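Let's take a walk through this structure together, one region at a time. Keep the sequence and the 3D view open beside you as you read.

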Amino acid sequence: MIVSSHFLSYFVDIEHLSISQICETLNDIGIEVEQCHRLQISKNVVVGKVLEKVPHPNADKLNICQVDIGEKTLQIVCGAKNVAKDQFVALALEGAKLPSKNENEAFLTIKRSTLRGVQSYGMICSASELGLSEVNDGIMVLDSSIGELVLGKELSDYAFFNQHLIEVSLTPNRGDCLCVLGIARELASAHNLMVKTPKEKEYGIALGIGRAVNLSAECHIKSHLLYKVVQIDSIENALQEQIMLSYNGLLSDNVLENHKRFAMYMSGVMFDIYPLPEQAQTPTALKVRQDEKGFECVFDAQGNKLCVIGVKNYAKPLESYPSLAIIQASFVPPEILAKALFAHNIEQDHITTYRSVRGSNTELLMGASLLCELLNTYAECSVYSGYQELDMTEESEQCLITMDFHTIPQAVGKDVQKEEIAQVLKQLNFHIEASGDGAFLHITPPPYRHDIASAQDITEEFLRIYGIKNIPSLPYKSAQKLNITDTLLVYQHKRDIAKRALALGFYECIHYVFYQRSKLLEWGCEVLESKLDLQNPITSELDTLRTSLIPALFESASRNHNLGFKSIKLFEIGSVYSAKREERKELGIVVSGLKTKEAYPYPKGEKWDFYSFAKEVSAIIGDFTLVKTLTPPKNAHPHICADIMQNGKAVGIIAKLHPSFEKSLDLHDAFYAQIYTLQTHALDSAKPYPKLHANIRDITIIIDKCTPFHTIQEAIKALEVEDLEAIYPLDVYEDTQFALTIRLVFRAQEKSLTEEELAGRIQLVLACLEQKFSAKLKA
């Protein structure tokens, strides 16, 4: 919203405040100032009057105007369609510097020129040519709204053209500040100033409003309505209103509508205007009731809906005069209207609903008086005496907040006196009553503050005006305990995995949790049940929740390959979902291309293979064993695929990418690991550091080639051989028979093992292998 210092002064005296003080105050009390700039017309732009207008002899779209500037008359060639005789215009004389539309020039300097053979001694300006917001398609026509029009007077000497425009940003709860009066109230509260508002006036007409309108309610309504009646014979625009409405995106082509919107912009009161038909019987009956959807509406005597209060006006706009107009000022509780609009999608007027759902001003008589004052100034009109009002609000419905006097000092962290609290709240127009013993405050917020509902809101309002700067900075005193929670352990475990992957040269990816359902099916992944799928996806390519990290990781790998990267190592830790839409965290790791880049001793680079990739995965997630996958997934190579086992449980899968997927993605030597159970280990307890060296013994056995190593390892562990620390495969040999070399690592804590002891332990292992697998020691 944009307000001007000129119109702020209509409600509050700010002459003693500089523009920097005003902006600083607004920022301090929570009205954020986005920008502030001076509205100033350059020198040598003066008031002129068009005495004569004749067509240009050599150009169809140009006119030759004689413009009086007081001391002389100048000939001006003008191409605007709306220029006319007897208009007061803004005339830029020779030497005037206007804002330039050319980025390379700071100013456009007006010079004497010849247009199609006719001399022109200046330029009649439009609003945009003077650096103002555009008000029409042609020249800017001056009127008395800016002050007395004196021929030859500099426009910069008029107060309206020598002011500041302040653009403020408001939070949704501050609907009361969507008007100039609201901002003026805030300044008045901060500086303890008096707010001046227009009062109802009698304009000398003998007819009372009862002769024109008969108002009735057919049910109990929450809205508050007030009516005035005006006989309008003729009406004119006001330039200062047009300019400010244009800056705020409120400018209309209808003159009466502009005056109505300007009154709303100034006062915050919502208005509707109904024309009274010429043949209508008087007084005209207006009936208020709810429609079939529960919205409170105004109907005429024939049952025609004139408006949905706070939403839209259905009456035809007044365009011909003389006419009799019914002015309706209204207020509807914003929370009631917002809920109704959420429940029912009905036709709306954006300008109206934007303000009414945020909370418009409840001071209807003040707003109606302001609009009548504008019409009396810029129209030939007669305002009927009095007003009619419909307000069924009961006193019990008003917000009353009871709070302890100590609530505010406790929140502030400073001893604040009762008198000081009361003074600040009164500056904010809160009504305050103290309990008999003075321990409690009974506070009623002003009716235009619909967002105040609790003691916390009152405290926040006090702090806004009291000032954060006036609260001393104190150190926070707390004895925080060391809280090691499951959530912390899970997070640390995930980041430890990520750190290990990063240390190995992998790049961490973050993809959308949304994915394309058809692609998941192509990859052989499960998909969400239809009834649990997304009902309103953001795009057709992201129409479901992902059930695997692998497809998106390989798509990223493919894009990197297309960009020329030959060695690709990616990983991601993120959320995936089951068919039942149950969320879990998974780890996805993919590699493709070269394991080692082209450099000595690998001039052609070193390609990835299954075991080198498995070693990298082990370095990331810890030691594991591999078990043959009984049913490889669709995207995995059917013969290079295994389940990853940790602590006897399957925690994931490791595989080479299926050749068909490698081909479609244009990848080579691509492998992936999908870890679908991120095990969180308990805190490690301290273990004694071994004092003695390890004893390593290698045994080579003849065994069936199809025997999985993990079964051999499990069989040896089941023996619980004393001092056996580690078991792992070392090498394989294949000639007429298949031989496997196993390394056994022994380490005792208290003594060195003798050869006899080692031999005895090895013999236990060999006997077990012979019994379970018919394995024999290779000679």
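Strand β37 pairs with strand β38 (residues 738–746) in the antiparallel sense over 9 bridges; two strands count as paired if DSSP finds at least two bridges between them. Touching, or contact, means heavy atoms within 4.5 Å.

A word on the ground rules: this is a predicted model, in which local features need pLDDT of at least 70 and side-chain atom pairs count only at pLDDT 80 or more, while totals for chains, interfaces and linings use all residues. Residues are numbered from 1 along each chain as its sequence is written, and side-chain values use heavy atoms, with hydrogens and water left out. Helices (H or I, at least four residues) and strands (E, at least two) are DSSP runs, numbered from the N terminus.

Now for the whole sheet. Its 4 strands are arranged in the order β37-β38-β36-β39, forming an open sheet with antiparallel pairing. β37 (724–734) and β39 (776–777) stand at the edges with a single partner strand each, so one side of each has no neighbour in the sheet.

The phi of Glu720 is near 55°, a positive value in a residue other than glycine. Most residues other than glycine have a negative phi, and most peptide bonds are trans. Glu720 is exposed, with a relative accessible area of 69%; exposed means over 50%, buried under 20%, and partly exposed in between (1.4 Å probe, protein chains only). Arg581 also has a positive phi, near 65°, and lies in the loop between β29 (567–577) and β30. At 38% relative accessibility, Arg581 counts as partly exposed.

Two prolines deserve a look as well. Tyr321 and Pro322 are joined by a cis peptide bond with omega about 5°, and Pro322 sits in the loop between β19 (312–313) and β20 (323–331). A cis peptide bond also links Tyr600 to Pro601, with omega about 10°; Pro601 is in the loop between β30 (583–596) and β31 (606–607).

Next, a pair of helices. Helix α2 (residues 19–28) and helix α3 (residues 180–191) pack at about 90°, with axes 10 Å apart. Axes are lines fitted to C-alpha atoms, for helices over the stretch in contact, and angles run from 0 to 180 degrees between N-to-C directions. The two helices, α2 and α3, are therefore roughly perpendicular, a label for angles of 65 to 115 degrees. Ile22, Thr25 and Leu26 of α2 meet Ile183, Leu187, Ala190 and His191 of α3.

Finally, where does Asn258 sit? Asn258 belongs to helix α5 (residues 255–267), and at 2% relative accessibility it counts as buried. The side chain of Asn258 reaches the backbone nitrogen of Ser252 at 2.8 Å. Leaving out residues up to four places away in sequence, Asn258 touches Asn237, Glu241, Leu245, Leu250, Leu251 and Ser252.

Conventions:
Polar contact = N/O pair within 3.5 Å; in protein donor to acceptor, adjacent residues only side chain to side chain. Parallel < 35°, antiparallel > 145°, perpendicular 65-115°, else oblique.
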